[in-house]
Amino acid sequence: MDGFEANQGYSQRFGLHYVNFEVGSRPRTPKQSAYLYAEIIEQNGFSSQKSKKFKAAERPLTRRLAALPPSEVPSQAKVVWEKFSSQSNFDRQMYHYGTFPEGFSWGISSSAYQIEGGWNADGKGLSIWDKFAHSPSKILNDDNGDIACDSYNKIEEDVAILKQLKVSHYRFSLSWPRVLPDGTINNINEAGINYYQRLLDALHAANIQPQVTLYHWDLPQAIEDYGGFLNDSFVKLFRDYADLMFDRLGDKVKIWITFNEPIMTANHGYGFGDFAPGLKGQYTLPYIVGHNLIKAHAEAWHLYNDKYRAKQNGIISITISSDWSEPRNPYRQEDYDAARRVVEFTLGWFSHPIFNGDYSEIMKTRIRDRSLAAGLPQSRLPEFTQEEIKRIKGTHDFFGLNHFIFLFCTSLNFVPCRGAMGVSDRTWLDTGSSWLKIAPFGIRRLLNFIKNEYGNPPIIVTENGVSEQGPIDLNDVHRIYYYEQYINQVLKAYLLDGVDVRGYTAWSLLDNLEWASGFSQRFGLFYVNRSDPNLPRVPKSSVNFYATVIKCNGFPESGVPEPRVWSVYSRFPCGIFSQCPWSVFPLSWWLYTMCSLHLLVSATLLETTE
Ligand code: GBH
């Protein structure tokens, strides 16, 4: 019962019974907890038979959401968590020597609006990002992509730096309004098509394979004026656009990607409103957007498959982005469920219909429950017909994956639908983007998950990269560190876990317009000097490093060809020491937490004996 709590007096009440100290007889009144505890005692634990006595202890039914049965949670994610949860930090960071298979494709990525500029050149139409960026306060510092990196006028320069990197492929996107100013095939802009033809020819001459994304977020404004992705007619408009591109460019393209990161279009464009077209506040719109997008993807895939594949001999798929998430508290079922939901609501939203068929049960059940609880007559998530499910399932030739972050998840009920939030570990290294922390082991686990969950598809990592902000420092050791660690984890996924990874693509070629963050966050391997009107591309140190990894096809234990970036070949867990000896000292404090002093000392000795 509530009693005298030392120097706190009677202010802190620990009792299962409330004691009224105003009354001389000190009456005791049981609290709800007294009933509960009595019930536990009576049942000698937790009986499946519900006791009638303590109904009052239940919260109102409408506030309760059905929990997922533990046996279903978290399916293939559980396999991955079980496989890796026992890993020590040491194991996790362990540097692995080895190389990728022959023919592994190394590349670098960009996107049209972020680099091209020429926003109204030669008959180009307006995109939703042109309009968004020209509206005040939408982009940090009111930056815009009017000129960006001027890649529209710099094919030669861009191909020259790609050659310097020695990449085998270059991933870029087409600007839909550059080739179809009003979004439809009624009005074709030959100058726009010509730009891409010249770029493809230059890549071909340099022996660099193009990887072409049809849609990286810059929708023709004319289509948005008719509802954009919310209008069912989007599916046909996209198919027509794809048809034209396959027809006019397809003889020079062997790898097509329909959409880049559909979740960003759905959630950020039509949900949070921080991306063009900037619609916000409605929880239903993103699901309609996603629904039409999936259908449009499937139609473009079928079109290529039926009409172009035989003569052009290429492959086509979609690029889906995903964080990897794990339970914040591994002993808490709610956190397991939350982590599972985060994977299903990011990666699974699009992968499940395309690889496994239909939305996952978790998406369907959860969104329906949430919609009904909010008083809606039906689920916010539209349904596919049986025919649509069949038509969409299997529309992939590989799994295009963009990966950036790792999250520890916990349940949070007021987050609509997915009901979860993620946090990072504060010991992980920061970058130039607040949302991006360095946790390389996440990519290995995510690759394992894709292998298990989606039937071991061939995977191309289509984006992975890191940013900086503030003063220019071309010696980007943080990027070298990032790529070494992330690529090494991809190597482990391939060599140790048998994941079928076919290619790796760094993000990004140039410091470019980082969407709503403007030019403040720099992801490039090449710095673009914006104060010089010629916008020269200047290599950062990571260029040399990445070129060497490409040349070595990974991290061979011996026989590293020139230029050597590794100066020691010892086995210790922090590979960073082996490739950029003393320049890494800003990172050494963090490394210290991972490496024992002993290893630091041996690294030093090896270093000085070299
Ligand atoms: C990729 O998206 C894009 O494909 C690419 O265009 C982009 O430049 C690159 O990543 C780097 O962002 O500031 O908290 O609102 C990855 C998804 C998009 C996730 C921007 C973070 C901003 C989060 N990222 N987003 S926040």
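A salt bridge here is a side-chain nitrogen of Lys or Arg within 4 Å of a carboxyl oxygen of Asp or Glu. This is a predicted model, where local features need pLDDT of at least 70 and side-chain atom pairs count only at pLDDT 80 or more, while totals for chains, interfaces and linings use all residues. Residues are numbered from 1 along each chain as its sequence is written, and side-chain values use heavy atoms, with hydrogens and water left out.

**View 1. R522 and D511 form a salt bridge.** Their closest N and O atoms sit 3.9 Å apart. Both R522 and D511 lie in the loop between β14 (501–507) and β15 (526–528), so the pair ties together parts 11 residues apart in sequence. Strands such as these are DSSP runs (E, at least two residues), helices are DSSP runs too (H or I, at least four), and they are numbered from the N terminus. R522 is buried, and so is D511; buried means under 20% relative accessible area, exposed over 50%, and partly exposed in between (1.4 Å probe, protein chains only). Look around and you'll find a network of salt bridges linking E468, D476, R479, D511, R522 and K540.

**View 2. R171 meets E463 in a salt bridge.** The N to O distance is 2.9 Å. R171 belongs to strand β5 (residues 169–173) and E463 to strand β13 (residues 459–463), so this pair ties together parts that are 292 residues apart in sequence. R171 counts as buried because its relative accessibility is 0%, and E463 counts as buried because its value is 4%. Over the whole structure, a search turns up 29 salt bridges.

**View 3. Eight strands close into a barrel.** From one strand to the next, the twist averages 25 degrees. Zoom in on strands β6 (residues 209–215) and β7 (residues 255–260), which run parallel and are joined by 4 bridges. There, T213 stands opposite I257 in β7.

**View 4. Helices α13 and α17 lie against strands.** Helix α13 (residues 333–356) lies across β8 (315–321) and β10, running at about 155 degrees to β8. Helix α17 (residues 477–495) packs on the sheet and touches β4 (105–109) and β14, making about 170 degrees with the direction of β14. Contact means heavy atoms within 4.5 Å. Axes are lines fitted to C-alpha atoms (for helices, over the stretch in contact), and angles run from 0 to 180 degrees between N-to-C directions.

Terms used. Two strands pair if DSSP finds at least two bridges between them.
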